[in-house]
Amino acid sequence: MADVAVVDSEVADATVVQRTPRQIAWMRFRRNKVGVISACVALFFIFGAYLAPIITRILGLSNTKTYPETLNGFAMPVGGAGGMSLSHPLGVEPGAGRDLLALLLYGSRISFSVAIITSVASIGLGMLIGITTGYFRGKVDAIVGRFSDFLLSFPSTFMIIALALPLTQRVEALHIAQDNGARIVVLVVFFVFFGWPGFARLVRSQAFSMRERDFVMAAQALGASSWRIITKELLPNLWPTAIVFLSISLPGYLAAEAVFSFLGVGVQAPASTFGLVLSDAVTYWRDDPAYLIIPSAYLIIIVLSLNLLGDAIRDALDPKNSPS
Amino acid sequence: MTEPILKLEGLTKYFDTTAGGIFSRKKGTVKAVDGIDLEIMPGQTVGLVGESGCGKTTVGRTVLKLYEPTSGKIVFEGRDITNLSRHDMKPLRAQMQMIFQDPFASLNPRQTVGSLIGATFDIQGITPPGGVKVEVERLMERVGLNPEHVNRYPHEFSGGQRQRIGVARAIALKPKLIVADEPVSALDVSIQAQVVNLLDDLQNEFGMSYLFVAHDLSVVQHISDRVIVMYLGKIMEDADKHDLFSSPRHPYTKALLSAVPVPDPIKGRQRERIILQGDLPSPMNPPSGCVFNTRCWKVQEKCRTDVPALIQIAPNHRLACHFPEPA
């Protein structure tokens, strides 16, 4: 009898349990297998990037040390698959003979930092500008809109290549940062400067249409301030857009950073980023294809997992998705 | 005689239509509301009817100062609120609320029912006795919703339930005036009756006044004490419900009433049906004289030149027509 009573009370408790929106989103996310796996993969690589010094120490490796004993007389790695061995899990770099895993870990740290700072800054700036111009409209909207059109139509790649060197020198002269640090600052500032209009335009159009919706008028009828309407009524409806955009732009900037250092504009050797490793690998691709394939695969896995993670978060946050 | 809760004197709302971006220029003026005088007594329900585009929604929104009136006066409880700033208006917003037409657009899809209703207290800075949470659940129960659904999102409710959420939000602060902007026209007929009856019950309980904007005459007949007929931004006729429905004096009112479906097919076939020709003229370029002259079957030369004044023809009966129907 006692057992039955306990079971009954449990059932009763279960039916009245109330979940907050956050808990519901988290529950939905956990059910999405692709999302959970890509989250694990993305976290694995992010931790790998930021714990690079610890991991390399545990493995007894270094990103600056060379391992001449792994190279043959032609400065090519000894053994198959780019010189993979127990002591060098991803093989070694031809030529200098540095450990590839250590290079990629340290390299992804720079790439991740650039991508995260750039994405968050350009989305934050775009959100701010887009939501205010979309909600308040008027002359400011028209002027900001034309300015963002100008930026969007500007050949930004050439401008970055042309101005990177003088601006880096200026940053160094101002003692903001030195060397590769200065190059990263310049790159981030350029990316943000050319990055916000795309998102601002998207947010503006959404804020523009939402401000005419009845729920905004309902808030106005209650006497809500513009600040409250923007933060409480409009912003929650724009988060999914921001997350999707983040999931696109984060790997996008990761790749862009690789492209620019590949082209010789961004971070320079002896530091290592995806771009530097890949541009180096291109010269060896006939003799040591593993050296090209492994960093490419590493980059592709990160980009793909971040994209899939962004999709999963968006689905989890959308209350219109099937409840359950 | 008690003081009216709301009084409009010559209220107008014009919208400028513009073209171009930075160097925009004025293209024309839409006279959405063109000189409305009306009074609403405490506890009274005034139905505002007219076809689409006649400006009845604009009247409702201008009354709540969601639109700035172009000219005229809005007097709420004896106080002129026409030129009050947004800041000065805020405390008064607790006294006047709105129920919206589309229950799918009037509720923020990203807020739970609890935060939608609770926001009213938050914005006005009022803490109800017993706390916001208790009050929200009490309100949900009052409008016929399950208080356990407080954490649900609007899309998890049916249209009728959503409109009940809108009603709960509007009555949360116990306002004295509620502008109901076609509150049932987006709902199924069976649900319409429930929501109309809910509004009726709430009025008996709290004694607020309604400005009930609608185009469905049978709903208006059910809920209103007085009915105002609008056409192209102007009042055509304003009368006690029984007077208006039994003996309409304005040709437009008569035409409107003749369009109401009659449940009895034999009676339906017998009655006279007035079909108006043409469309509603553009409010950007309204006809001269009586605005209804382009579609009126009794039109005379005078109607095209002289604007008929809205005059008192009987106690509680105002009319704007040169050639009214016989009583």
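Before I start: two strands pair if DSSP finds at least two bridges between them. With that in hand, I opened the structure, which is a predicted model.

**Entry 1: strands β6 and β7 of chain B**

I began with β6(B) and β7(B), which run parallel and are joined by four bridges. I looked for a residue pair to hold on to, and found Q97(B) standing opposite I178(B) in β7(B).

Is β7(B) mostly covered or mostly open? I found five of its five residues buried, so I noted the strand as mostly covered, a residue being buried if 20 or more other C-beta atoms lie within 10 Å of its own. I then sorted the side chains by direction: L177(B), V179(B) and D181(B) point one way, while I178(B) and A180(B) point the other way. Both sets are buried.

On to the next partner. β7(B) also pairs with strand β8 (residues 209–214) of chain B, in the parallel sense, over five bridges. Here I marked V179(B), whose bridge partner in β8(B) is L211(B).

Helix α5 (residues 159–171) of chain B lies across β6 and β7 (177–181) of chain B, and it runs at about 175° to β6(B).

**Entry 2: the whole sheet**

How many strands form this sheet, and in what order? I counted along chain B and wrote down eight, in the order β6-β7-β8-β3-β9-β10-β12-β11. The sheet is open and its pairing is mixed.

Why is one side of β6 and of β11 (311–314) of chain B left without a neighbour in the sheet? These two strands stand at the edges and each has a single partner strand, so one side of each has no neighbour there. From one strand to the next, I noted an average twist of 25°.

For an antiparallel pair I went to strand β9 (residues 226–231) of chain B, which pairs with β10(B) over six bridges. Within that pair, I228(B) has D238(B) in β10(B) as its bridge partner.

Then I listed the contacts of L211(B), leaving aside its neighbours within four places in sequence. Among them are L177(B), V179(B) and A180(B), which I had already seen in β7(B). The list also includes I40(B), V46(B) and L48(B).

**Entry 3: K234(B)**

K234(B) lies in strand β10 (residues 234–240) of chain B. Is K234(B) buried or exposed? I found 23 C-beta neighbours inside 10 Å, so K234(B) counts as buried.

K234(B) and A32(B) are 202 residues apart along the chain, yet their C-alpha atoms are separated by 8.9 Å. Beyond four places in sequence, K234(B) is in contact with D34(B), G35(B), V291(B) and A320(B).

**Entry 4: P286(B)**

I moved to a loop, the one between α10 (265–270) and α11 (301–305) of chain B, where P286(B) is found. This residue has 17 other C-beta atoms within 10 Å, so I wrote it down as partly exposed.

P286(B) and V30(B) are 256 residues apart in sequence and 9.2 Å apart in space, C-alpha to C-alpha. Leaving aside neighbours within four places, P286(B) is in contact with K31(B), L232(B), P281(B) and V291(B).

What makes up the secondary structure of chain A? I noted twelve helices and zero strands. Of its 324 residues, 40% count as buried.

The contact between the chains takes 27 residues from chain B and 25 residues from chain A. On the side of chain B, the elements giving two or more residues are α2 (86–93), β6 (96–99) and α3 (113–124). α3(B) gives the largest share, four residues. By class, I wrote down twelve nonpolar, nine polar and six charged residues for that side.

**Entry 5: confidence**

Last, I looked up the scores. Chain B averages a pLDDT of 87, and 98% of the residues score at least 70. The model has an ipTM of 0.84 and a pTM of 0.77.

Note on methods
Residues are numbered from 1 along each chain as its sequence is written. Chains are lettered from A and ligands numbered from 1 in the order in which they are written. This is a predicted model: local features need pLDDT of at least 70, side-chain atom pairs count only at pLDDT 80 or more; totals for chains, interfaces and linings use all residues. A residue is buried if 20 or more other C-beta atoms lie within 10 Å of its own, exposed if 12 or fewer, and partly exposed in between; C-beta atoms are placed from the backbone. Two residues are in contact if their C-beta atoms, placed from the backbone, lie within 7 Å. Ala, Val, Leu, Ile, Met, Phe, Trp, Tyr, Cys and Pro count as nonpolar, Asp, Glu, Lys and Arg as charged, and the others, Gly among them, as polar. pLDDT is the predictor's confidence in each residue, from 0 to 100. Axes are lines fitted to C-alpha atoms, for helices over the stretch in contact, and angles run from 0 to 180 degrees between N-to-C directions.
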